[in-house]
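Colleague: Walk me through this model, please. I will keep asking what backs each term.

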Amino acid sequence: MIASFFDKFSTPSYVENLDLAINEILAADFLIFIGKGASGMIASYAAQLFSSLVCFSIAVDDPENTFLHEFKRKLASHICLIVLSVNGEHQDIVDFISDQSVANSKVIAITNTSTSTLAKLADVS
């Protein structure tokens with residue numbers, strides 16, 4: 001069982017998606033990590049880490065009640081949203097990513113399943 005878990009990380013499709021995500025992150029001027037609950041804590045840590053290694057990054061744990069709606073309209077093409085969600089179905093996050101003002105932003109979804117709503121909405125999952 002554990003071997004099959006690690007086997008998926010060496011599949012060509014996984015490696016291809018990882019390369020796409022890396023390219024999107026490196027091309028962005030600004031990263032926004034989004035998550036709620038435990039995913040929000042991971043998003044917070046990732047934002048701190050990426051700020052020191054890649055580019056300016058912030059974490060958002062409540063996307064519906066932030067300044068981001070206006071911010072993302074003006075700078076959408078410079079932003080990469082990295083969304084963390086265990087099941088990829090949290091309604092607040094799905095609504096936020098579905099919002100038209102995100103249309104020019106790149107979205108990377110990190111979920112447990114590629115068939116979740118969030119994974120389907122993302123550019124890379």
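**Sheet, helices and pocket**

Modeller: This is a predicted model. Four strands form an open sheet in the order E2-E1-E3-E4, with parallel pairing.

Colleague: What makes E2 and E4 the edge strands?

Modeller: Strand E2 (57–60) and E4 each pair on one side only. Averaged over the sheet, and with direction ignored, neighbouring strands are turned by 20 degrees against each other.

Colleague: How do you know that E1 and E3 are paired?

Modeller: Pairing takes at least two bridges between two strands. Strand E1 (residues 30–34) and E3 are joined by five bridges. Therefore E1 and E3 count as a pair. They run parallel. Within this part of the sheet, phenylalanine 33 stands opposite isoleucine 82 in E3.

Colleague: Which helices go with the sheet, and which strands do they meet?

Modeller: H2 packs on the sheet and touches E1, E3 and E4. The direction of H2 makes about 135 degrees with that of E4. H3 lies across E1, E2 and E3. Against E2, H3 runs at about 170 degrees.

Colleague: Back to strand E1, where isoleucine 34 has its place. Why is isoleucine 34 called buried?

Modeller: Buried means under 20% relative accessible area. Isoleucine 34 has 0%, so the term applies.

Colleague: What does isoleucine 34 touch, leaving out residues up to four places away in sequence?

Modeller: Contact means heavy atoms within 4.5 Å. By that test, isoleucine 34 touches Ala43, Val60, Pro63, Leu81, Ile82, Val83, Leu84, Ile93 and Phe96. Take valine 60: isoleucine 34 and valine 60 are 26 residues apart in sequence, yet 4.9 Å apart in space, C-alpha to C-alpha.

Colleague: Now the largest pocket. What is its volume, and how many residues line it?

Modeller: The volume of the largest pocket is about 710 Å³. Its lining has 26 residues, with Tyr14, Ala109, Ile110, Thr111 and Ser125 nearest the centre. Helix H2 (12–27), helix H3 (38–53), strand E3 (79–84) and strand E4 (106–110) are the elements that give two or more residues to this lining.

Colleague: Which element gives the largest share of that lining?

Modeller: H2 does, with seven residues.

Colleague: What is the make-up of the lining by class?

Modeller: The lining of the largest pocket has 17 nonpolar, eight polar and one charged residues. Mind the classes: Tyr counts as nonpolar, and Gly as polar.

Definitions and conventions: Residues numbered from 1 in each chain as written. Predicted model: local features only at pLDDT ≥ 70, side-chain atom pairs only at ≥ 80, totals over all residues. Heavy atoms only, no water. 1 Å grid on protein atoms, 1.4 Å probe; cavity = no way out; pocket = protein on both sides within 12 Å on 5 of 7 lines; lining within 4 Å. Points joined across faces, edges and corners; volume = space filled by probe spheres on them. Axes fitted to C-alpha atoms, helices over the stretch in contact; angles between N-to-C directions. Buried < 20%, exposed > 50% of the residue type's maximum accessible area, 1.4 Å probe, protein only.
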